[in-house]
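Please read the points below with the model open beside you, and check each one against the chain as you go.

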Amino acid sequence: MSDIQVVQVLWGTGTYLPQVQRTTAPSVASFYASVLGGPSPLNSWLDADYNTAGGTNQHFGTGTFAGQYLISPSTGTMVDDSQIQSELRTQIAAGNLPSPAVDAAGRDRTYYSIFFPAGTVVTVRGMSSCAYFGGYHNAVPGTAGTPTFAYGVHPDMTACPYYGPSAWESTTIIAWHELAETMTNPGTLAAGYGWVNSNGGGSEIADICTGTVGTTTGIDGLSYAVQYLWSNSRNACYLPDDFAISTPLTAPLQAGPRTSSISISTRVTSGGPATITLSVSGAPRGLAASIPASATSGTTVQLSLRANDSISAGTYPLTITGTSSDGISHAAVVTVVVTAAAQHGRALGRT
């Protein structure tokens, strides 16, 4: 699913984890917005490993969080998958949920991520939530008025065996699991079945790595519990080697000419250390700025500055950009504050 659009659905009133029901961070809403918003490490890495260039020519672009919706379903506390599909059609037709969207090629890009309140048991193919599964994803076959679309099922984690240290961390681990599998194998059959294990069993990229837990930092700067995913290129379970760049807010520099050196720090935010290609941009005429061509995340490098006589006093924002081998990019801005050159001379007098 290219440019996936996530719609969070609350299955009626009831008791939810606070992070599931609210929209302020940290929450399910902020999780989806942060791990999909550009530049997204998840999308960048999945595109490197699972694009279908030369075949159906599908790529993973920037995803979006389309909001949280509370519906009033007609079901009780025992809900079967067939009822979920029927209810989704009804709610979409009534305008209570946004209609499925499609990408430029006419393929489904909307994913309805459904969360259930405490006390609700979901069944699918004779299996019940918590006892047999912590979540799953599926697709609703299209009709004359509605295209085929994908959805995910997320039971309340307070009653389930934890997949992480807490119910909240278990919630994001499963949300990440189903999101990644929906993106790579949506089950909508719009362009074939999708990416699954060829060694038998039909395991998807998250199934193969269930139980391998880590964290990722969203674009909101918060850390979320997630799990490793299978990487075809590495032949191993993997989390994108993501990183962050930090700079001082301002850096003083005197014209004249004068030189200065500023520390630019990097840190690992998920996976392991990555080799980062670095660049600096935005320097005006009269201000020279240079930085090492590459660094390993977790290290500190020096930004060298030199202001010549020709530059006017003022503030000049410089952008430090880093790009990893996974194609993940981050940037930080430091504002160079240039002051006028010091005046030198001798006073002459009479004796």
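1. Cys130 is partly exposed, since its relative accessible area is 23%, and in this predicted model a disulfide joins Cys130 to Cys160, with an S to S distance of 1.7 Å. For orientation, a disulfide is a covalent bond between the sulfur atoms of two cysteines.

2. Where in the chain do Cys130 and Cys160 lie? Cys130 is found in the loop between strand E6 (127-128) and strand E7 (136-140), while Cys160 is in the loop between strand E8 (149-154) and helix H5 (167-184), so that the pair links distant parts of the chain, 30 residues apart. The torsion about the S-S bond of this pair is about -65°, and the disulfide is therefore left-handed.

3. A search of the whole structure finds two disulfides, and the other to examine joins Cys209 to Cys237, with an S to S distance of 2.1 Å. Because Cys209 sits in the loop between H5 and strand E9 (213-217) and Cys237 in strand E12 (residues 236-238), the bond ties together parts that are 28 residues apart in sequence. The link of Cys209 and Cys237 is left-handed, with -95° about the S-S bond.

4. Are Cys209 and Cys237 buried or partly exposed? Cys209 counts as buried at 1% relative accessibility, whereas Cys237 is partly exposed, with a relative accessible area of 30%. When the bonded cysteines are counted along the chain, the disulfides of the protein follow the pattern 1-2, 3-4.

5. Two packed helices are described by the angle between their axes and the distance between the axes. The axes of helix H2 (residues 28-36) and H5 come within 11 Å and cross at roughly 45°, and the two helices are therefore oblique to each other; their crossing is right-handed. Which residues of H2 meet H5? From H2 they are Val28, Phe31, Tyr32, Val35 and Leu36, and the residues they meet in H5 include Trp168, Ala175, Trp176 and Leu179.

6. How many of the 10 residues of helix H3 (residues 41-50) are buried? Eight are, and the helix is accordingly described as mostly covered. Among the buried residues are Pro41, Leu42, Trp45, Leu46 and Tyr50, and Asn43, Asp47 and Asp49 are listed with them. The buried residues of H3 pack against H2, H5, strand E11 (229-231), E12 and strand E13 (242-246), and E12 is the strand that holds Cys237.

Technical notes: Residues are numbered from 1 along each chain as its sequence is written. This is a predicted model: local features need pLDDT of at least 70, side-chain atom pairs count only at pLDDT 80 or more; totals for chains, interfaces and linings use all residues. Side-chain values use heavy atoms; hydrogens and water are left out. A disulfide is a pair of cysteine sulfur atoms within 2.5 Å. Helices (H or I, at least four residues) and strands (E, at least two) are DSSP runs, numbered from the N terminus. Buried means under 20% relative accessible area, exposed over 50%, partly exposed in between (1.4 Å probe, protein chains only). Axes are lines fitted to C-alpha atoms, for helices over the stretch in contact, and angles run from 0 to 180 degrees between N-to-C directions. Angles under 35 degrees count as roughly parallel, over 145 as roughly antiparallel, 65 to 115 as roughly perpendicular and the rest as oblique. A crossing is left-handed if the near helix is turned anticlockwise from the far one by less than a right angle, and right-handed if clockwise. Contact means heavy atoms within 4.5 Å.
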